Amino acid sequence: MSLASAARRLVACLLAWGSCEATAQSKPGDCPQARLTQSAPPEDLMKRNPLLGNSAAASAGRARFQGNADTDGCSLCHGKKGDGKGKLAKLYDPPPRNFTCAATMNAIPDGQLFWAIRHGITASGMPPHRDLTDTEVWQLVLAVRELATSR
Ligand code: HEC
């Protein structure tokens, strides 16, 4: 375990008031999911999705999310169903976000999702996507939002 991930786990234990056991066993697909993700700057957090309710945009986002699940696409890590159990998920600590988990997703604003997709999350497996247009990133945010159905 790297020093950074050990430190993250210690913080998780403190935040969870002693449920260190559960946090240390954090695995792909957990719901609710322990989340110690960097926060977007306030001006990014406040951004609204300009494509809300646009079904063509959602469908473009879904296609990009799936990509070719064997070689690229968000699904490689986040899973075809967005449940955080993609082919590569086990390689990452923290594990990829489980988008089907409403208990975790409902607490995350659209602006945070946009920022995480655009810039990636430092010291995690979440890569930046600097080549996408803002519209393409918002399409992905729509697609990710649709996945939170479990509870
Ligand atoms: C190589 C693996 C990998 C790929 C590919 C990947 N992600 Fe992630 N993603 C992760 C990991 C790991 C995390 C968890 C990071 C953390 O909690 O610090 C994450 C977290 C996220 C988050 C959560 C941000 C938050 O604030 O909670 C979003 C949104 C996200 N990814 C969207 C995407 C989208 C959309 C794509 C495709 C364009 C994608 N990811 C591709 C590994 C990946």
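Mentor: Let us begin with helix packing. An axis is a line fitted to C-alpha atoms, for helices over the stretch in contact, and the angle between N-to-C directions runs from 0 to 180 degrees. Please note that this model is predicted.

Trainee: At roughly what angle do the axes of helix 4 and helix 8 cross?

Mentor: The axes of helix 4 (residues 55-66) and helix 8 cross at roughly 85 degrees and come within 7 Å. Angles of 65 to 115 degrees count as roughly perpendicular, so helix 4 is roughly perpendicular to helix 8.

Trainee: Which residues in helix 4 meet helix 8?

Mentor: On helix 4 they are A57, A58, A60, G61, R62, R64 and F65; their partners in helix 8 include L140, L142 and A143. The residues of this contact comprise eight nonpolar, two polar and four charged.

Trainee: Why is helix 7 described as largely enclosed by the rest of the structure?

Mentor: Buried means under 20% relative accessible area. Nine of the ten residues of helix 7 are buried, so the helix is largely enclosed. Among them are L113, F114 and W115. The buried residues pack against helix 3 (42-45), helix 6 (102-105) and helix 8.

Trainee: Which protein donors does the iron atom of the ligand have?

Mentor: Ideal angles for six octahedral donors are 90 or 180 degrees. Here, the six donor atoms give angles of 87 to 179 degrees, and the site is octahedral. The protein donors are H78 (NE2) and M126 (SD), 2.0 to 2.2 Å from the iron atom. H78 lies in helix 5 (residues 75-78), and M126 in the loop between helix 7 (110-119) and helix 8 (134-146), 48 residues apart. H78 is buried, with a relative accessible area of 10%.

Key. Residues numbered from 1 in each chain as written. Predicted model: local features only at pLDDT ≥ 70, side-chain atom pairs only at ≥ 80, totals over all residues. Heavy atoms only, no water. Donors = N, O, S within 2.8 Å, 3.2 Å for Na, K, Ca; no water. Tetrahedral: all angles 85-135°; square planar, octahedral: opposite > 155°, others 65-115°. Helix = DSSP H or I, 4+ residues; strand = E, 2+ residues; numbered from the N terminus. Buried < 20%, exposed > 50% of the residue type's maximum accessible area, 1.4 Å probe, protein only. Parallel < 35°, antiparallel > 145°, perpendicular 65-115°, else oblique. Contact = heavy atoms within 4.5 Å. Nonpolar A, V, L, I, M, F, W, Y, C, P; charged D, E, K, R; others polar.
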